[in-house]
Amino acid sequence: MLRPDYVFESSWEVCNKVGGIYTVLSTRAKTLQEEMKDHIIFIGPDVWKENDCPYFKEDPSLFAEWQWEAKQQALNVRVGRWTIPGEPIAILVDFYPYFEKKNELYGWLWENYQVDSLHAYGDYDEASMFSYAAALVVESMYHHYVKGGTFDNKTRIVYHANEWMCGLGALYINKKLPQIGTIFTTHATSIGRSIAGNQKPLYDYLFAYNGDQMAGELNMQSKHSIEKQTAKYVDCFTTVSDITANECKELLDKPVDVVLPNGFDNNFVPKGASFTKKRKEARQRLLKVANALLGEQFDDDTLIVSTSGRYEFRNKGIDVFVEAMNRLLRDKELKKKVVAFIEVPGWVGEPRKDLQERLEEKRLGETKSYTEPLEVPQVTHWLHNMSHDNVLSMMKYYDMHNRKDERVKVIFLPCYLDGKDGIVNMTYYDVVLGNDLCVYPSYYEPWGYTPLEAVAFKVPCITTDLAGFGLWANKEFGHQGEITDGVKVIHRTDYNYSEVADAIKDTIAEFSMMSKKEVEACRKKADALSKKALWSEFIRYYHEAYDIALQKAEKRKATL
């Protein structure tokens, strides 16, 4: 297998925490940095302008001579380290100057690769200009280090582009620097996500969809076009799960070369006494919030359940989660009180002042407990769109008002859990730790970090086999996952919404009947499964992708 001497990897989410790809890159970086010490270089967008990036530490001494040369070329970069485990080198590039040559670039794309940018709108231009700027960084560095003798014809270099947003840069390098092996990873096809998000049946009908036709119908022509053509022309095309690989074959007309499953780095999962302490603190805080909001006492025997992720109401299965909680209200098998949190960032206004006052109030040095609920006892923060919010509307439709006599309470926590939300004031990972059970019943989920994160914190979870992680778990178990395996994998199709809701309800009821010993066994199984998804296990797939790209680059070098 050919191993790269250098890897340049670009993504909109390098040093820019906006979605799941940040987790992929930032947890994988440590493993690559240990293997390739400072020969893995990440390139991200400098969206921070004059402000400091909270995930980046500048270091003018890194590539100092090249930095000076880049300045002469009017390439505005900041070089430093990404402040994550492993602290790999990161280059942030200013892409705003390239907007003035946008039309020229799109013309070049059409002439060379038949990419249709005519229907571009929204974030297409911004992403494309960043992608171009990232490619210029690689081109500039390459020529600088060839001139200086660091790179020669034997130096093996890979350029790895993530998502359609980095497609233009991958194609530019493909054309201008044939000595470099190119890899393109789509984490979810833009057209597949759009079909699912528009309430169309994706899976049963996948074989019959024409990607180009659907792109026209859903006004996705430009994103689909750059994604499809990049997949076609790079040296190695990859995605993150078998389920998305099938989607790529059908919608992009290009089978993937390798599947790169998303791993995890569990170094920040607390150990031993620290784990026990943090779990206890998280539970106390969540139950305290529930008491202040609902005016009801919850002892430690209460089942704390949650769902979380992006606010994609159908795709992430938030709708079916609310449905399941509504059905659980009337389930005779349920043996414990349930407090279910929906931790999904909505259009948040501000934390509720009345709730804050209750949480801060003390009596005789101890936190006061309450016996009367606040008004609107379903939500912790006021939203800008209270009357049009999907979660609140569905709860209202089902008359779910968290009444005293109901054993299941649902609380919407509509903000990023960054430790500064004003109510819970704990980070997401600290909150996950306090759960008894996590539920992620996704309809569209190429991989699914949320269930993997849950099991890494020893929290059993429920997911579906429409999520890449759920499929992978089934493969590891050798059967459809049950809650006693640590992960319950529900079979989900385009049309079995009601059965999925029942399966969630039944699993929570089953879990409520388990003894402490049985629950502990579940938690151990969850933990054991998470160990099989560490980057140390999955990095081999990346070496496979690097090899495919480099083999093709070596052949090209021979003809140059």
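Which residue in E4 stands opposite Phe 56? Select Phe 56 and look across to E4: the residue facing Phe 56 is Trp 82. Keep in mind during the tour that this is a predicted model.

**The sheet**

E3 pairs with strand E4, residues 77–82, in the antiparallel sense, and the pairing runs over 3 bridges. Now colour the whole sheet: it is open, has 9 strands with mixed pairing, and reads E3-E4-E5-E2-E1-E6-E7-E8-E9. Strand E3 (56–58) and strand E9 (258–259) are the edge strands, each pairing on one side only.

Next, select residues 242–251 to bring up helix H9, which packs on the sheet. Helix H9 touches strand E7 (181–186), strand E8 (236–239) and E9. Line up the directions of helix H9 and E8, and the angle between them is about 130°.

**Aromatic pairs**

Time to show the rings. The count comes to 40 aromatic pairs, and we will visit two of them. Select Trp 12 and Phe 130: their ring centres are 5.7 Å apart and their planes stand at 75°, so this pair is edge-to-face. The two residues come from distant parts of the chain, 118 residues apart. Trp 12 is in the loop between strand E1 (6–10) and helix H1 (20–36), while Phe 130 belongs to helix H4, residues 124–147.

For the second pair, move to Tyr 397 and Tyr 398. Their centres lie 5.3 Å apart with the planes at 65°, so this pair is also edge-to-face. Tyr 397 counts as exposed because its relative accessibility is 68%; Tyr 398, at 25%, counts as partly exposed.

Now make one selection of six residues: Tyr 98, Trp 108, Tyr 113, Tyr 132, Tyr 172 and Tyr 233, which form one aromatic cluster.

Two last stops put a charge over a ring. Where does the charged end of Lys 49 sit? Select Lys 49 with Tyr 96, and you will find that end over the tyrosine ring, 4.1 Å from its centre. Then select Arg 28 together with Trp 535: Arg 28 lies over the face of Trp 535, at 5.7 Å from the ring centre.

Technical notes:
Residues numbered from 1 in each chain as written. Predicted model: local features only at pLDDT ≥ 70, side-chain atom pairs only at ≥ 80, totals over all residues. Heavy atoms only, no water. Pairing = 2+ DSSP bridges. Helix = DSSP H or I, 4+ residues; strand = E, 2+ residues; numbered from the N terminus. Contact = heavy atoms within 4.5 Å. Axes fitted to C-alpha atoms, helices over the stretch in contact; angles between N-to-C directions. Phe/Tyr/Trp six-rings, centres within 6.5 Å; stacked < 30°, edge-to-face > 60°. Buried < 20%, exposed > 50% of the residue type's maximum accessible area, 1.4 Å probe, protein only. Lys NZ or Arg CZ within 6 Å of the ring centre and 35° of its normal.
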